[in-house]
Amino acid sequence: MCAILADLKENSRVDGRELPFTNGAVPGEPVKKDENSRRGNWGNQIEFVLTSVGYAVGLGNVWRFPYLCYRNGGGAFMLPYFIMLVFCGIPLFFLELSFGQFASLGCLGVWKISPMFKGVGYGMMVVSTYIGIYYNVVICIAFYYFFMSMTNVLPWTYCNNPWNTPDCSGVLGGGSNRFNVSLANTTTSLVAGVSEVVNRTKRTSPSEEYWKHYVLNISDDIGNFGEVRLPILGCLAVSWFVVFLCLIRGVKSSGKVVYFTATFPYVVLTILFIRGITLEGAVNGIKYYLTPQWHKVLDAKVWGDAASQIFYSLGCAWGGLITMASYNKFHNNCFRDSIIISITNCATSVYAGFVIFSILGFMAHNLNVPVSEVADHGPGLAFVAYPEALTLLPISPLWSLLFFFMLILLGLGTQFCLLETLVTAVVDEIGTDWIIRNKTVVTLSVAIIGFLLGVPLTTRAGIYWLLLMDNYAASFSLVVISCIMCICVMYVYGHKKYFKDVEMMLGFPPPLFFKVCWRFISPVIISFILIFTVIQYKPITYNNYVYPGWSLAIGFCMAMSSVICIPVYALYKISRSPGATFRERLKFACQPHPSWGPALQEHRIGRYASLASEDTVESRPLREKQELKEEQKGELKEEPKEEEEEEDKERRDEISLTIQGSNGSTNTKKTPIPGEWGAK
């Protein structure tokens, strides 16, 4: 696949000119190394598409989508999922790509479109911060499994380990614990013995016990942190270090890495899928995956999970899509990109679900329990079901290394964009030449802070906090942010103006379906989902553990911390805006900033051509902050100018008095008579 992409990239250049396939090129436009020399651009369109696919196709496709299907009635979850994809996911994906590409600015800078709504950008940054903290913890666990796979026998294969309990039952006969050995001594009583024990207590797999009792060593309460799991902490440091290394040169370095990270996971998924469907009992798992439990469709929680999964998986409202698109060339066809990336992402989610449920069906068959009870709900599903499948493959340690390497790559692809979103927002906001030259220092600082904030998640209570952040920090707040973004762009800025902006950028207006979705369907659906989710709210649980009230309060604070940025900044902006009345200030705060529009002067045509030619991205940094200072300096300079004029006048008078004619009179501007010059 990489060879095909490279061939497409090579064939996209003919006689030194780029064909429409390349990023940002239009027929007849000469090739440019970087269209925007200050911020930089993607090397080509393939880098952007693969980066966006890597951003959208992440760990959520493996451990969150199957988990939500598992929790919400299997195939019944598919209906609201695809409805949300068509009417919300793809339209919002296209909206964010076109938004960032048009202005060539990150999630904070783009709100020059309506400065009062800049709080939406800050909300996106808060969401990306929360997700980036716990997302890297999941990646570090994948690193831990990767390192632990470097052995002859995978440690979660059998039930003869110190952390196993008498309820452990492995799918492989050898190496079982004493209880399983006693059953295996009498072949004729094996089935009866297993059935008897299953009736007394739920059996667990060695991979599940390895996850609970060894990797996590989970405590009994969210407030009981216990000790820091040093191996997990070390893997967390490795994970952040790798992310930092890949982003040293920003999109220039990460754009090259994605050629491998975005394509290799599909190879491993295909191998596991082929192996999974050949296992006994796999059909039952796939049936559970595809057979809808229609009564759950009436549950608003199912629809809320579908919407949040669309936003979570596609990356809507995180700020990452705006940031990645801001490095596109101005005329890149982001409409085509949005369709390709969205469909690829959701197809990957469904594909990964087949792999997961084929293994769940096999495990349920061997443990003699229903599919719905075969594994825990939560992100541990990927670290229970998948490791169990790996023990059934020939040379299982090799496949385990490949699989967890795939998980690492999937996670890093998303983490790259999360970190780049925060770094780009900081650099664009400060915007000095020093901060741009030393962008690596900003990247390192953000990585260090992210590592320190992730340390509590490596304790024995870390899984509780991870699930709390997942359910509250990255759930309904994404819905609110997306809804307000649609309202701002379509109704405050104006849908007609934005449609013309997109047409100026792409060469064609947005399709009618997207116009209708942006203005009506998407905001209405999101609003109803938010209302029903609040009405049918259920406190979070993990297995049989019920979260205490104080922890739920912290969860609500995390959720509100991103949303509260919107009204707080709006009030701040209104209070600082000029005007005699509140209405005048509100109107001024909603108006686009004078520098809003295409970043480069060569693209500022139409109504943007009348704006100051110097107000391009090359001269934008700190402009908003300096305007007030410049006005103050201007007021201070008015008085000195008047004094200077008076002083100049006096000096001219003095000079005129000192210049004397031959008759002793003052020399004036009267033109001398030629005869007089001759007499002298």
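**Reading the chain, its charged pairs and a recorded site**

Author: The accessible surface of the protein chain amounts to about 29,200 Å², and carbon and sulfur atoms hold 64% of that area. Accessible areas are computed by the Shrake-Rupley method with a 1.4 Å probe, and for residues only the protein chains shown count as cover. This is a predicted model, in which local features need pLDDT of at least 70 and side-chain atom pairs count only at pLDDT 80 or more, whereas totals for chains, interfaces and linings use all residues. Residues are numbered from 1 along each chain as its sequence is written, and side-chain values use heavy atoms, with hydrogens and water left out.

Reader: What does the secondary structure of the protein chain come to?

Author: Helices (H or I, at least four residues) and strands (E, at least two) are DSSP runs numbered from the N terminus. The protein chain has 27 helices and four strands.

Reader: What percentage of the residues in the protein chain is buried?

Author: Buried means under 20% relative accessible area, exposed over 50%, and partly exposed in between, with a 1.4 Å probe and protein chains only. Of the 680 residues in the protein chain, 54% are buried. As for contacts (heavy atoms within 4.5 Å), 80% of those with a separation of 6 or more join residues 24 or more positions apart.

Reader: How many salt bridges does the structure hold?

Author: Side chains of opposite charge can pair when their charged atoms come close. A salt bridge is counted when a side-chain nitrogen of Lys or Arg lies within 4 Å of a carboxyl oxygen of Asp or Glu. The structure holds seven salt bridges. One of them joins Asp428 and Arg39, at 3.1 Å from N to O. That pair links distant parts of the chain, 389 residues apart: Asp428 is in helix H17 (residues 396-430), and Arg39 is in the loop between strand S2 (17-18) and helix H2 (45-56). Asp428 is partly exposed at 22% relative accessibility, while Arg39 is buried at 16%.

Reader: Which residue forms a salt bridge with Glu420?

Author: The partner is Lys439, with the closest N and O atoms 2.9 Å apart. Glu420 belongs to helix H17 and Lys439 to helix H19 (residues 439-454), so this bridge ties together parts 19 residues apart in sequence. Both Glu420 and Lys439 are buried.

Reader: Which residues does UniProt list for "binding site"?

Author: UniProt positions are given in the numbering used here, with feature names shortened, and annotations may be inferred rather than shown by experiment. The unreviewed UniProt entry lists Gly54, Ala56, Val57, Asn61, Ser313, Asn345 and Leu410. These residues spread over 357 residues of sequence yet cluster in space, with a largest C-alpha distance of 11.9 Å. Asn345, in helix H15 (residues 334-367), is buried at 0% relative accessible area. Leaving aside residues up to four places away in sequence, Asn345 touches Ala56, Val57, Asn61, Ser313 and Leu314. Leu410 lies in helix H17 and is buried at 6%; with that same exclusion, its contacts include Gly54, Val57 and Pro265.

Reader: Where does H4 bend?

Author: The bend at a residue is the angle between axes fitted to the seven residues ending there and the seven starting there. H4 bends by about 45° at Leu85. Of the 26 residues of H4, 21 are buried, so this helix is largely enclosed by the rest of the structure. Just after H4, Ser104 adopts a positive phi of about 55°.
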